[in-house]
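Please have the sequence and the model at hand as you read.

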Amino acid sequence: MVETEHHHHHQAPPNLAAPPPQPLGSARGPVYPPQEQLLQLHYCIHSNPSWVQTVVLAFQHYIVMLGTTVMIASVLVPRMGGGPGDKARVIQSLLFMSGINTLLQTWFGTRLPTVMGPSFAYVISVLSIINDLSDSDFTNEHERFSHTMRAIQGSLIISSFVNIILGYSNAWGNLTRFFSPVVLVPAVCVVGLGLFSRGFPQLGNCVEIGLPMLILLVVSQQYLQHIHPIARPMLERYALLVCTALVWAFAAILTVAGAYNNVKQQTKLSCRTDRSFLMSSASWIKIPYPFQWGTPIFRASHVFGMMGAALVSSAESTGTFYAAARLAGATSPPGHVLSRSIGLQGIGQLLEGIFGAAAGTTASVENVGLLGLTRVGSRRVVQISTAFMIFFSIFGKFGAFFASIPLPIFAAIYCILYGIVAAIGISFIQFTNNNSMRNIYILGISLFLGISIPQYFITNTDGAGHGPVRTNGGWFNDILNTIFSSPPTVALTVGTILDNTLEARHTVEERGLPWLIPFHHRKGDSRNEEFYSYPLRINEYIPTRFL
């Protein structure tokens with residue numbers, strides 16, 4: 001065809017250069033274009049399963065968040081001088097406030113299907129308070145426990161205004177405008193990877209329970225679903241509950257058979273199903289109420305340390321919200337939505353201080369991972385899960401029954417759920433030029449320092465909460481040690497600074513900003529209103545600056 005149309009042209013000289021070769025691998029398979037929303041989700045943010053499925057999936061969310069709640073109570077309560085009964089009450093308070101804060105966030109915060117659970121970011125500050133009060137004179141251990149809880153209450157109440165001011169002044173939303181997909185990749189990725197110590201290291205405390213749980217969950221949820229078409233949706237959504245019940249029963253059999261009668265104390269605590277003493281010490285009915293431990297105690301040194309934890313919880317929640325939006329089939333949350341969610345998180349922390357929780361809350365990473373595991377990103381499912389949190393926080397015996405699940409079982413679950421969240425972080429790279437050496441440099445440094453720096457701080461923190469920063473100002477030490485012990489906070493800080501100072505103006509497109517900028521603004525994308533508007537036209541009665 002070409003020859004007949006151009007037969008009058010002279011023939012090309014024989015030494016004419018050949019056309020440039022195609023890039024290596026350019027014709028070796030399909031190229032997948034970037035996708036804003038995951039297409040393999042069964043239910044997105046505002047589509048709902050049947051009510052029966054919703055209730056079962058909601059109970060599954062409750063079971064998943066219960067592990068972190070029990071872990072935090074197990075770390076803090078014995079150091080305060082509390083016994084099994086005190087631990088049961090602390091778990092009840094944490095569950096109650098998690099239910100309240102989750103409802104608030106899904107109604108008036110981000111409106112994403114995120115469970116708000118207790119955060120490990122507060123542990124260093126709480127340990128510092130415990131250490132400060134360790135030299136005081138108390139008549140008994142229970143009095144020391146109550147006094148410590150009152151000090152924690154006061155610190156939570158005052159430090160909550162950090163998030164309230166950051167959120168409702170829209171300062172946090174303005175900060176998110178400096179984020180690009182290059183920043184989001186490491187920030188969201190280390191939200192999952194940064195929690196590796198709660199995975200296999202915890203599982204390894206009782207390998208004979210944790211490892212079967214991990215293997216059984218992978219095999220049943222991923223491989224057995226292909227046996228029959230009917231089995232696929234059932235195993236994909238409910239395998240976690242089934243595996244938990246089976247391995248829990250196996251652990252109970254080993255306990256009754258005496259397999260752990262002659263082992264070390266730590267092994268007994270990790271493996272036995274009867275070592276928590278929660279069932280015998282929990283009350284049948286106990287409603288958490290304001291100032292249940294007594295009048296809050298306010299000390300400046302404690303408050304400043306807790307302010308660092310409040311700031312860290314905001315950074316961690318922000319990364320988790322981006323992951324939740326992707327797994328729920330929503331667009332990336334706009335700046336004003338992130339602002340109001342952080343402000344509401346501050347109000348939640350204020351309520352936690354009033355009701356006597358042992359730690360503040362943040363967006364639960366493991367529950368966001370569960371959205372990806374089940375492929376159900378429904379907001380209603382998470383809202384219904386709050387009924388289980390509140391119910392089991394009031395009826396203590398029933399809650400204590402499930403809280404007695406050995407922690408290695410939860411650790412096995414977290415090995416998978418944290419990995420899913422980390423992978424979601426990596427998926428944001430599709431919106432950038434991932435062949436840019438500039439982007440590769442920023443991603444590499446942010447990821448590595450986001451894991452390496454917190455690991456250094458955590459490794460060099462003793463049981464009293466004293467980290468590597470040890471100046472004469474204890475409150476200053478607590479703030480820096482808390483901030484630099486948080487992988488998402490470090491990764492977000494490093495990534496944001498590098499991305500906005502290294503050739504930022506000349507690399508707008510390869511940073512992925514044309515994709516992300518429309519979501520930063522209230523009216524930047526027509527779908528923002530669909531996913532993030534208030535329910536029941538409440539926005540008509542709220543000032544625009546608070547929307």
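Predicted model: local features only at pLDDT ≥ 70, side-chain atom pairs only at ≥ 80, totals over all residues.

H21 itself covers residues 487-499, and its 13 residues reach 18 Å from first C-alpha to last, close to the 18 Å expected at 1.5 Å a residue. Because 11 of the 13 residues are buried, H21 is largely enclosed by the rest of the structure. Among those buried residues are Pro-487, Pro-488, Val-490, Leu-492 and Asp-499.

Now for the cysteines. The count comes to 1 disulfide, and the bond joins Cys-206 to Cys-271 with a sulfur-to-sulfur distance of 2.0 Å. The link of Cys-206 and Cys-271 is right-handed, with 130° about the S-S bond. Cys-206 sits in the loop between helix H8 (200-203) and helix H9 (207-223), while Cys-271 belongs to helix H11 (residues 265-271), so the pair ties together parts that are 65 residues apart in sequence.

How accessible are Cys-206, Cys-271, Cys-44 and Cys-243? The table gives each value.

| Cysteine | Relative accessible area | Class |
|---|---|---|
| Cys-206 | 1% | buried |
| Cys-271 | 0% | buried |
| Cys-44 | 23% | partly exposed |
| Cys-243 | 2% | buried |

Cys-243 is in no disulfide, and the nearest cysteine sulfur, that of Cys-415, is 14 Å away.

The aromatic rings come next. Across the whole structure there are 27 aromatic pairs. In one of these, the ring centres of Phe-304 and Trp-475 lie 4.9 Å apart with the planes at 45°, so the pair is tilted. Phe-304 is in helix H13 and Trp-475 in helix H20, so this pair ties together parts that are 171 residues apart in sequence. Phe-304 is partly exposed, at 34% relative accessible area, and Trp-475 is partly exposed too, at 38%.

Trp-515 and Phe-519 make an edge-to-face pair, 5.5 Å centre to centre with 70° between the planes. These two residues of helix H22 (residues 513-520) are 4 residues apart, a separation of about one helical turn. Both Trp-515 and Phe-519 are buried.

Some rings gather in a group: one aromatic cluster includes Phe-59, Tyr-62, Trp-248, Trp-284 and Phe-388.

Finally, two arginines meet rings. The charged end of Arg-326 sits over the ring of Phe-428, 5.9 Å from the ring centre, and that of Arg-340 sits over the ring of Tyr-534, 4.4 Å from the ring centre.

Conventions. Residues numbered from 1 in each chain as written. Heavy atoms only, no water. Expected span 1.5 Å × (residues − 1). Buried < 20%, exposed > 50% of the residue type's maximum accessible area, 1.4 Å probe, protein only. Disulfide = S-S within 2.5 Å. Phe/Tyr/Trp six-rings, centres within 6.5 Å; stacked < 30°, edge-to-face > 60°. Lys NZ or Arg CZ within 6 Å of the ring centre and 35° of its normal.
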